[in-house]
Amino acid sequence: MSDPKIEGYEFKPGFKGMAQDTGSDQTMFKGVHWGKAMMWIFLLSHTFIFSCFLISYMKGRGSTLIDWPNTSEVFSLHVGSTPVPLLLIAIMTFVLITSSGTMALAVKYGYEKNRKMCGWLILATAIGGLTFVGMQAFEWSKLIHEGVRPWENPFGAKQFGSFFFMITGFHGTHVSIGVIFLFIYAYKTFKGHYDEGKRGWFTTMKGNYVEIEILGLYWHFVDLVWVFIFAFFYLW
Amino acid sequence: MSDEYENKTGYQAQSSETISSGGRGGGSGTVPDADHVRPAEIPEQDLYHGHSFITKWVFCQDAKVIGVQYFLLATFTGIIGLILSWLMRLQLGFPEAAGFMTAEHYYQFVTMHGMIMVVYFLTALFLGGFGNYLIPLMVGSRDMVFPYLNMVSFWSFFVAVVVLLASFFVPGGPTGAGWTLYPPQAILEGTPGSGMGILLMCISLILFVAGFTMGGLNYMITVLQARTRGMTLMRMPLTVWGIFTATILAMLAFPALLVGGLMMTLDNVLGTSFFMPTILKAGEVLEYGGGSPILFQHLFWFFGHPEVYIVALPAFGIVSDLISVHARKNIFGYRMMVWAIVGIGGLSFFVWAHHMYVSGMNPWFGFFFATTTLIIAIPTAMKVYNWILTLWRGNIRLNVVMLWCLGFIVTFVNGGITGLFLGNVTVDVPLSDTYFVIAHFHMVMGIAPLMVIMGAVYHWFPLVAGRFLDEKLGKWHFWLTFLGAYSIYFPMHYLGFIGVPRRYFEMYDSPYVTSAVGMNEFISVAAFIVGAAQLILIYNIIRTLKIGKPAGHNPWQANSLEWLTPSVPPEHGNWGEKLPVVHRWPYDFSVPGAKEDFITQTTPPSEVTETEVEKT
């Protein structure tokens, strides 16, 4: 990334440059769009939310007296008659990470003002997210079918069901919200709102391709959180 | 300006103010380059100007209107909190007169009073009210950076308040678990409001956090990315520093409350056991089992302790500005004050378990948290000394604003000293859950910030409404509140020492009777008087709006940008045609050699060459 051009301001490299930016007037993060800075801080706040969830999970799992269920059995899928551990979850993770890739490409094409390509890639991301949520719904229904509930669990400690449904549910909600926004943004891209700088409803903010990058930040964050949830729930 | 100068980067041009302090050497004359400020790098902000009553005053996107909306709604809930405290005091002082109150009512009032005052009154008022009104004006922007989000923030807060107050009208009434909402008792039968009450409380808190996040993002980005030309971080008024740092704390602390609230809601509604251990009730084992009640306490206090500073830091910032303006002196040790605010904010994330010394956690934890707690005394004491040194040999105007500031310093020191008692594990254990604790936290985070709010109201009312509040009524208001508050909380220290426990509905047949009863009656009478004294302020405001003395521009001869708007009260967009350009910090009071005793932030160096201004 090269520094943006700012009239009358000379960037310096390294720590000195950071100190100079911090001590300067008007903006601290030079040339950074307001919305982008906002999304970073929003995600910082969200990091704390998910950290609280995962730390609570560790505490709950660590202090329960009844054994935690064997995760490689609980989460396995039967192919024919052989149980394959982590099969579904591997596919889910693959799909979600791939959607992060298409999102990154969408941002690139957006900045190149390639409206069509950008729109299709956002749509692909949205479909990836939708697939993920669908497979999560499948996994939930499988577990519920086997008798796991938020308040009880036939395989061991009841906190397993509570934490699993709560944390994957909270994450799944975030993915779903992301999917809704991806569809809206795909529509706006195809309509050319970002090319024209069309104003939003009841606000004077103008459309700009940077919005796709902002949504992209959110989407990458949701993927990153999934990596942690994956590690803590399925590999531990 | 010369082209050669332009090449030397704008950043250096900013600090070219040194040239003006070169005037110290006998006035070397005007150097035009000294006035140069780097050109604007952010494009002019487009604003949505409302046309109808609804878009102008109800669903308004003007930060100033949103600030007033926050202020009024927070004050409204605050008054409900005040009435609840009256009812509690009636029960404690004159139980025979409070026959209509059952123990359940008492616990519900205690809980709602605490939650309303801490979250829905003080937090909303400082950050939502003062933050919205003052940040854009003080950093010289047209509005918050995301006006639409800002509007949604207020209306989320509105819904949160409605949900909170709705809990008074559901079966079982509001929750009576104490404002800390500790499980397991918060959701077990036998605690008042254990069904709908606690549910609505959790929902309301989650809404509040969501709404606050929207506002908080606005405050942070406005401070970081939307300052006017020449406004560096170290030229911001301390008010902005206080609100800004408190916002960072809130953005990082509220997540813990959100998670705790959500998990408790699930325990309550779905019957999960996050916080619920195995419980025997009337010989029967409940469905719950295996959860950890201490986990909730950790989550709650990871939010709860920074919350204290979310309330205190804006108060520190505001009071610094008020003292500086009304003592006509620059704030002593501005940079130290900034770093103290930041330091207190950072430390506040490492002290939470000092609320849990008696919870049964590992004693080594207590040792660690007592140490971190006492370290906070260092930056806090620095601030107190700096306030006093700002007053020292100042040209003090002993008006109502200054009285509130002085009241704040005294009260804050008082509450801070009792904090030393409670911060040490060995002293805290016997004092835990006594009236001493109540006296401590009311002094330090109830009365002290409230004094700042009152001072700020008298200070900024001429800006918001264009008229001065009446000084004589203000003095009555101050003295009744100040002396009354001490009459309430001073005796409580003593009650705590003799061991009177807090949260007890009545203690008539206990051995405390002889000395505690008379004191409880006295405290209650004082509480009634202090509460009623607040009517003076309301009367004063209504009267002032009609017949108050017009204030005009910059009535206090202050330096900061909010007083330098083209119209009073400021209009939407704040600055008319052109944004202000800042050349200095807001504390150039009583500068030797200056014509007047204040030099506004927008005064260019070339106009004050004969003076000994500091380089800022």
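Predicted model: local features only at pLDDT ≥ 70, side-chain atom pairs only at ≥ 80, totals over all residues.

Reply: Two residues are in contact if their C-beta atoms, placed from the backbone, lie within 7 Å. By that criterion, 69% of the contacts in chain A between residues at least 6 apart in sequence join residues at least 24 apart.

Chain A is divided into domain 1, residues 1-31, and domain 2, residues 36-235. The C-alpha centres of domain 1 of chain A and domain 2 of chain A are 34 Å apart. As for secondary structure, chain A contains 8 helices and 2 strands. Along the sequence of chain A the elements follow the order α-α-α-β-β-α-α-α-α-α.

In overall dimensions, the C-alpha atoms of chain A fill a box of roughly 65 × 40 × 35 Å along the principal axes. Of the 236 residues in chain A, 33% are buried.

Chain B may be set beside this description. Its secondary structure comprises 18 helices and 4 strands, and 55% of the 616 residues of chain B count as buried. In chain B, 79% of the contacts with a separation of 6 or more are between residues 24 or more positions apart. The C-alpha atoms of chain B occupy a box of roughly 90 × 55 × 50 Å, again along the principal axes. The radius of gyration of chain B is 26 Å, which agrees with a compact globule, because a globule of 616 residues would have a value near 25 Å.

Key
Residues numbered from 1 in each chain as written. Chains lettered and ligands numbered in written order. Domains from an automatic or database assignment. Rg over C-alpha atoms; globule rule 2.2 N^0.38 Å. Buried ≥ 20, exposed ≤ 12 C-beta atoms within 10 Å, placed from the backbone.
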